[in-house]
Amino acid sequence: MGYDPTGLVGRDREFGELATFLDRAATDGSTVLLTGEPGVGKTALLDATAELAVAKGTRVVRGSGVEYETDISFAGLHQLVASLPHELGRLPRSMREAIEVALGLGDGPAPRPITVLNAALSLFEEAAKEQPLLLVVDDLHVVDRASRSAVGFVARRLGGRRIGLLGARRAESGEPFRPTGLTEVEVGPLNDADALRLLSRRFPHLPRRVLSTVARDAQGNPLALLEFAGSTSVSGDRNGHGPGWASGPGRDVRALFGARVEQLPQRTRDLLLLAALEGSGDIGVLETAGGPGGLGGLAPAERDHLVMVTDNGRAVCFRHPLVRSAVVDGSTGEQRRSAHRRLADALADRPERRGDHLARATTAPDEAVAAAIETAARISLRRGDADGAVARLRRAAELSPDRADRRRRLSQAAYAAAWVAGYPEISHEIMREVQGDPAAQPLSAAAAAGYLVLVTDGDADAAHALLMKAIEQAPSGLPHGELEAALFTLTIVSEFSGRQEHWQPLVDVLAALPEASPTAAASLGRIHHDLRSVTDDMLRRLDEEISRLRGQTDADVVVRTALAASYFDRLPGCREAVSRVVRDGGTVGTSMPALVFLALDDLYAGRWQASADAAAELIALCGETGYHLFAQGGHYVAAMAAAQRGDLDTCREHCENLRDWSGPRRLRRLENHAHQALARAALGTADFETAYRHATAICAPGALPFFNHEAVLSAPDLVEAAVHSGRHTEARRHADAMRDAGLGRLSSRLALCVATITAMTSAPESMAERFEEALGLPGIEQWPFEVGRAHLAYGERLRRRGLSRDSRAQLTAARSRFEELGARSWAARAAAELRATGMTRTARGRAGEALTPQELEVARLAATGLSNPQIASRLFLSPRTVSSHLYRVFPKLGITSRGGLRDALEALPPEPPAGP
């Protein structure tokens, strides 16, 4: 192109790569990240590449990380977006508003992080419609985390777009740098020859001996070369012995910049400090904060090439990040605080940024400042910036004159860190500050402490004691949010404990509270306590709240709504909102319960592989965060999916995890989870005695205990196991309890379950009518496994009444359902029943397959009445292996229980004679 990057020496390789990058970016999108030590020339390469891009007809938009803005989410993205106001106005309204709210440019509900990222990508695409676009981001190592995520998101999606993304970062930046998706190019020091060539070109008047000394001391760092030589020239010492560079401090480039800043007029230094602390270089803000005289005082710094004004006249940029650092380092603490106060006044219409500057400007407790920072924290939380909210609440607490306000704000920070952000270590750290205060603890502190001890250690006793003590001592007239958080946490504690000594005090507290929204803590507590107490009006209002989730961005509201919905089989209506909480990131704490709800929704809908995948993701995430309680939800869902598939070993493995973790902690709900999965697995293999033992470990026949949701969920298992094991009285008692409780009105799935167990226990003359009613209920097709069980139970009873022809239709329907779902053991049960009607299926199925020698030996011993452990002892096998053999034997012999083993074995053809 004939372009001469003036001033670049020894960078032919790097600049050649960048020129090629520009060509790729202009047609198909491309990314490059320059890495290297400070002063090595990364910014010079960025500048030269930007100039070349403009010469090639590419539009350039620039931004830079600012170390004083690393705790302000999307501060870096703000710089890029601010250069594209016209394109922002052309975006669809939803995208434009998402960016404006995320960047603090507008009001509204917190946008999903993924929405902000997609909107940013769409904005850059809009800017690249008329000509290629180059995004240049310097100092990525100090760009805020949210903007860094945006850079990575955009970088990974530039293929096929006329957009280039060029970044630079220090190679030795302090914190680990997560991959951004940019291709890295390392920029190293200049070699000796190039270093001397650079010096000779820029300082031809200096003796060769001096230049050689400078080159040696600068070690190939271009910025050090120029600054050291420049200070030598200014000092007038042509022998290389002047104080400008030979003395110790002079060897530091930052110190050299500092020396130049010190020579500037005080007015100029004040304006530079404002620009350094403001971060974005916004001319409007600097003019307001700078006071009378405007920005004319910057002229000396411009003439000394320390700063420059952008071409559009909207921002002031420092020549190099080290200039910014030198300006701040050369100021006094009082000067910095004064500058922050002026910036806060200039940002009165931007509460978050105003709060941040007030936080830095204030050293003594000040309630007005603390309240302003707390307001900024609430805005951050609504925007989905949990990290920023926690940091701001902690600072607000530090500046609170009143100890009660201090504890309250710290407690809110701890709760947000634990529940929303998913940072137990930070929450623990904050709680130690709260607990170190001898005064009474606020409710929010008890909520944070109780929640942490429950989800990390599973200590329901300690959590319950903390919460009840705080609730009993709480004064009247508390802020709604504090009582809500404490009641919600107490409800979760009581739910997982399942013990009366825990849930009865909660019920007593709830009795004094008025009726509330279905997703309020008081309502959730009542739902957990007893589903029978839920009114039709509450269900109607819950449906209304679920319908409003489409526009809901508060992760806490989504999760609480899904929690209520999960008890009434309304998770499908919550799925889209819950998926946003999980997939969009940013709120790790609420992502874990949200994953539980996604896994349950998949489980109930028959999407068992998706359910198992979500459970595995949840278990892994809990392992990373230390939230071990939620991992048990993953084990439960995985165990249930395996039980219904007929994967007994996997089911037992997850149940062992559940029991090992919950047993010592006396968390009865988790113990019931294990019993429910094991009962379901046993039913699939027609082991009705084992199924009955596990089902009645959850509740006694005819009983529906308080705070025991598994008693409702496992009711079909108990009734079916009781019927098949000859316990007809117990089966009828439990079916009657479910029907009399009126639970069928709560959801179509519960209606089907109640109707099915009613039919299973009804008199022979009304049995068919009851089953037809069950299978004719509206809305049951969304529960395929339960529908398959109803067909199976119907067919089994028809066959036992001698109605083989009628039973085949039901059993065929059951087998088809189970095969579609991948419920192998249940499909085998249905197939065995079909064979018992005289119907064979030669094209498919396992009946008629020969038994292996060990299967035959196990079957013969089982036919004599020996238990699995007794058989295992005789054959030197494990009881689990014996069970697996029998699981394969039953469908091969066409039977469903041990009672049929003797006859089936006697009917086998004689074994062929042994070979010679």
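At what angle do helix 34 (residues 668-684) and helix 35 (residues 688-698) pack? The angle is about 160°, and the axes lie 8 Å apart; axes here are lines fitted to C-alpha atoms over the stretch in contact, with angles running from 0 to 180 degrees between N-to-C directions. That makes helix 34 and helix 35 roughly antiparallel (an angle over 145 degrees). Between the two, Asn672, His675, Gln676, Leu678, Ala679, Ala682 and Leu683 of helix 34 meet Phe688, Thr690, Ala691, His694, Ala695, Ala697 and Ile698 of helix 35, contact meaning heavy atoms within 4.5 Å. Sorted by type, the residues of this contact come out as nine nonpolar, five polar and no charged (Ala, Val, Leu, Ile, Met, Phe, Trp, Tyr, Cys and Pro count as nonpolar, Asp, Glu, Lys and Arg as charged, the others, Gly among them, as polar).

All this comes from a predicted model, where local features need pLDDT of at least 70 and side-chain atom pairs pLDDT 80 or more, while totals for chains, interfaces and linings use all residues. Residues are numbered from 1 along each chain as its sequence is written, and side-chain values use heavy atoms, leaving out hydrogens and water.

Further along, Thr756 sits in helix 39 (residues 748-760). Thr756 is buried, at 9% relative accessible area (buried is under 20%, with a 1.4 Å probe and protein chains only). Leaving aside residues up to four places away in sequence, Thr756 touches Phe771, Ala774 and Ala790.

As for the whole chain, it holds 47 helices and seven strands (DSSP runs, H or I of at least four residues and E of at least two, numbered from the N terminus). Buried residues make up 57% of its 916 residues.

Conventions
Buried < 20%, exposed > 50% of the residue type's maximum accessible area, 1.4 Å probe, protein only. Parallel < 35°, antiparallel > 145°, perpendicular 65-115°, else oblique.
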